Amino acid sequence: MPRDAAPRNGRSPVRHRLGVVLVDPLPVVRAGLRLLIDDRPDLEVVADVGTAREALETVTRSRRSRLVILVGLALGGPQDAAWLVRTVRERHPGHAVVAVGANADASAVSRMLFVGADGYIDKNVDPVEFLSAVRAAALGQVPVATPSSVDPGAVAGSLDHRRALEVSLTEREREVLVVAAEGLTARQIAERLGVRERTVTTHLARIYGKLGVGNRFAAVRMAMRSGLVSAGVPE
Amino acid sequence: MEDGAVRVAIVGGHPVIRGLVRLACDAVPGGVVVVEASSLAEALDIVPLSRADLLVVDLDLADGDGIEVVRQLGSRDGVEGEHHPRILVLSDREDGQTVLEALRLGATGYLGKAEGLRGLTAAVRAVANGDRVIPHALEADAHAELHRYARRSRERAVVERALTAREREVLALLTADMSLQQIARRISVSPRTVESHASSIYRKLGVRGRLQAVSRAAAIGLVDLTDGS
């Protein structure tokens, strides 16, 4: 817990400031959020990093009992935003990990909630609302702050799809589908996953059967609607 | 919606409410009320056949929850090519869970009855136009409910994946008012086998006994306790 500093220049002592960790691949985004957050007397950015790995290092080193970790949806690659949310939940359940997007759609929001985010805040909301949501997340309230175009019913519907996919596909099949969504050939998928090409085509055939579709495009579209894969570049 | 006619179906237990809705539908260009149902049973019977373009349904029906009408007729995401009416839901209930459920099942608008159905005409017109109409506070409640829904979805997926098909079958029967012997007869196995399935189910659900299993399964939405099926 942050300690109270002794009064200086007649001002009141520093009170508990909620610690925030910023995770986003774009330095400008981090700089902007840092300005917004550090300006508030009750909040302070304790670190801003560009990768999931650095984020985990920061959190592991921190002595704070409760941090709010803001993870930008733009975080890509194998250790993407969803991966980081899942990992923080597993290893550091005492901290709040919140997904931050920009004009994300229902399936992107549902994706983050499904993997266990302690909130979702869109950058397209009023800055005051943004900060309120950060504070609410610290209190365990799991805020979902989206622009009004995002229908909560659509988010819930997307969660239903995700659950259906989680149940009907094996973990391996989900893995194959996630990689297939990148547009790679079967051979490239095989290389990525370290298996034979024949294995990949078998998996894909089984996936199509389970999802009741006839081709990869339809399967990937289902996966995107459910939030199993993120649809393109989030910002 | 051929030649500008908007076919309207009204479901409501109270004649005064049905009357108010009928009046509000006059404000819809081309609107014509094609069916009126005063009970859930009647609604499930005649509304699907009416091919209504606009459905106004009061959830608080005497013989059941009007959400069943929404469930059957609402546009769940992804069902293309089917005719789905735009739905305005009226309800006493203004809690996040109910609102989210209605939206999830395909309702376009939600109006609470507590304030005397103020704004009913505007809501009917807006929904007929395809615009979402939800009071700001209710939408906020629905948003607030999302994380609980997400957690239930996740937990349910974990459990569903862990259960075998047979175990899911047994779990459904465990929620019914049946003894283990009756369950055994129903699925043609020995009572010992049922007990063994039940133990496995309890372990996978992380509970100690039948009552807890049913309770936990219902909490995550794995089983539905609302009617005796």
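**Strand 1 and strand 3, chain A.** I started with A:Leu22 and found it opposite A:Leu70 in strand 3 of chain A. Strand 1 (residues 18-23) and strand 3 (residues 67-72) of chain A pair in the parallel sense over five bridges. For the terms: two strands pair if DSSP finds at least two bridges between them. Helices (H or I, at least four residues) and strands (E, at least two) are DSSP runs, numbered from the N terminus.

**Ground rules.** I noted that this is a predicted model, where local features need pLDDT of at least 70 and side-chain atom pairs count only at pLDDT 80 or more, while totals for chains, interfaces and linings use all residues. Residues are numbered from 1 along each chain as its sequence is written, and chains are lettered from A and ligands numbered from 1 in the order in which they are written.

**The sheet of chain A.** Next I traced the sheet, which is open and has six strands in the order 2-1-3-4-5-6, with parallel pairing. Strand 2 (43-49) and strand 6 (144-145) of chain A are at the edges with a single partner strand each, so one side of each has no neighbour in the sheet. Helix 4 of chain A packs on this sheet and touches strand 4 (96-101), strand 5 (120-122) and strand 6 of chain A. Its direction makes about 150° with that of strand 5 of chain A. Angles here run from 0 to 180 degrees between N-to-C directions, and axes are lines fitted to C-alpha atoms, for helices over the stretch in contact.

**Helix 4 on helix 6, chain A.** I then checked how helix 4 of chain A sits against helix 6 of chain A: they pack at an angle of about 60°, with axes 8 Å apart. That makes the two helices of chain A oblique to each other; angles under 35 degrees count as roughly parallel, over 145 as roughly antiparallel, 65 to 115 as roughly perpendicular and the rest as oblique. From helix 4 of chain A the contact takes A:Ala106, A:Ser107, A:Val109, A:Ser110, A:Leu113 and A:Phe114, and from helix 6 of chain A it takes A:Ala154, A:Val155, A:Ser158, A:Leu159 and A:Arg162. I counted two residues as in contact if their C-beta atoms, placed from the backbone, lie within 7 Å. By class, the contact of helix 4 with helix 6 of chain A has seven nonpolar, three polar and one charged. Ala, Val, Leu, Ile, Met, Phe, Trp, Tyr, Cys and Pro count as nonpolar, Asp, Glu, Lys and Arg as charged, and the others, Gly among them, as polar.

**Where the chains touch.** Helix 4 and helix 6 of chain A came up again here. I found 19 residues of chain A in contact with 20 residues of chain B. Helix 4 (106-114) and helix 6 (152-168) of chain A are the elements that give two or more residues to that side of chain A. Helix 6 of chain A gives the most, with twelve residues. The side of chain A that touches chain B has ten nonpolar, three polar and six charged residues.

**The sheet of chain B.** Chain B has an open sheet of five strands in the order 2-1-3-6-7, with parallel pairing. Its edge strands are strand 2 (31-37) and strand 7 (109-112) of chain B. The twist averages 20° from one strand to the next. Strand 1 (residues 6-11) and strand 2 of chain B pair in the parallel sense over six bridges, and I found B:Glu36 to be the bridge partner of B:Ile10. Helix 2 (residues 40-50) of chain B lies across strand 1, strand 2 and strand 3 (54-58) of chain B, at about 150° to strand 2 of chain B.

**Confidence.** Last, I looked up the scores: ipTM 0.86 and pTM 0.87. Chain A averages a pLDDT of 90, with 92% of the residues at least 70; pLDDT is the predictor's confidence in each residue, from 0 to 100. Over residues 1-7 of chain A the pLDDT is below 50. Where pLDDT is low, the predicted coordinates should not be read in detail. Chain B has a mean pLDDT of 90, and 94% of its residues reach 70 or more.
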